[in-house]
Amino acid sequence: MSSSFKLLLVTMLVLAVYSGTSARFDKYIETFGKKYKDLNEYNYRLNIFNTNLQQIAEHNANPSITYDLGNSYYTDVEDS
């Protein structure tokens, strides 16, 4: 497989993941009535949302934990 073809496949995969996550984030915004002042804040909150989704997935995948986490109004807020 050529390196340019591999690069194309990786690019397509990244775009597909981002597109799905962005659509999920847009649904989250709609569900919780979120408003952001501009595109910079939208992207900032999207990155936090993605990080928190990853943490939620890792938590829920741990069989020794007896409860699950999920989305809430605060899924776009950094854990401090």
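**View 1. A cluster of aromatic rings in the predicted model.** In this predicted model, pairs between rings link Phe 25, Tyr 28, Phe 32, Tyr 36, Tyr 42, Phe 49, Tyr 73 and Tyr 74 into a cluster.

**View 2. The stacked pair of Phe 25 and Tyr 36.** The rings of Phe 25 and Tyr 36 form a stacked aromatic pair, with 6.0 Å from centre to centre and 10° between the planes. Phe 25 belongs to helix 1, which covers residues 3–32, while Tyr 36 is found in the loop between helix 1 and helix 2 (39–61), so that this pair, whose members are eleven residues apart, links distant parts of the chain. Both Phe 25 and Tyr 36 are buried.

**View 3. The tilted pair of Phe 25 and Phe 49.** The ring centres of Phe 25 and Phe 49 are 5.0 Å apart and their planes stand at 55°, so this pair is tilted; planes count as stacked under 30 degrees and as edge-to-face over 60. Because Phe 25 lies in helix 1 and Phe 49 in helix 2, the pair ties together parts of the chain that are 24 residues apart in sequence. Phe 25 has a relative accessible area of 0% and is therefore buried, and Phe 49 is likewise buried, with a relative accessible area of 0%.

**View 4. The largest nonpolar core.** Eight residues make up the largest nonpolar core, namely Phe 25, Tyr 28, Ile 29, Tyr 36, Tyr 42, Leu 46, Phe 49 and Leu 53. Helix 1 and helix 2 are the elements that give two or more residues to this core, and helix 2 gives the most, with four residues. Among the core residues are Phe 25, Tyr 36 and Phe 49, the residues whose rings were shown in the stacked pair and in the tilted pair.

**View 5. Tyr 73, Tyr 74 and a patch on the surface.** Tyr 73 and Tyr 74, which are also members of the ring cluster, form a nonpolar patch on the surface together with Val 77, and the accessible area of the three residues together is about 320 Å². Tyr 74 is placed in the segment after helix 2 and is exposed, because its relative accessible area is 57% and exposed residues are those over 50%. At Tyr 73, Lys 34 lies over the face of the ring, at 3.7 Å from the ring centre.

Note on methods:
Residues numbered from 1 in each chain as written. Predicted model: local features only at pLDDT ≥ 70, side-chain atom pairs only at ≥ 80, totals over all residues. Heavy atoms only, no water. Phe/Tyr/Trp six-rings, centres within 6.5 Å; stacked < 30°, edge-to-face > 60°. Buried < 20%, exposed > 50% of the residue type's maximum accessible area, 1.4 Å probe, protein only. Lys NZ or Arg CZ within 6 Å of the ring centre and 35° of its normal. Patch = residues over 30% accessible without salt bridge, like charges linked within 9 Å, V, L, I, M, F, W, Y side chains within 5 Å. Areas by Shrake-Rupley, 256 points an atom, 1.4 Å probe, with all protein chains shown as cover. Salt bridge = Lys/Arg side-chain N within 4 Å of Asp/Glu carboxyl O. Core = buried A, V, L, I, M, F, W, Y, C linked by side-chain atoms within 4.5 Å.
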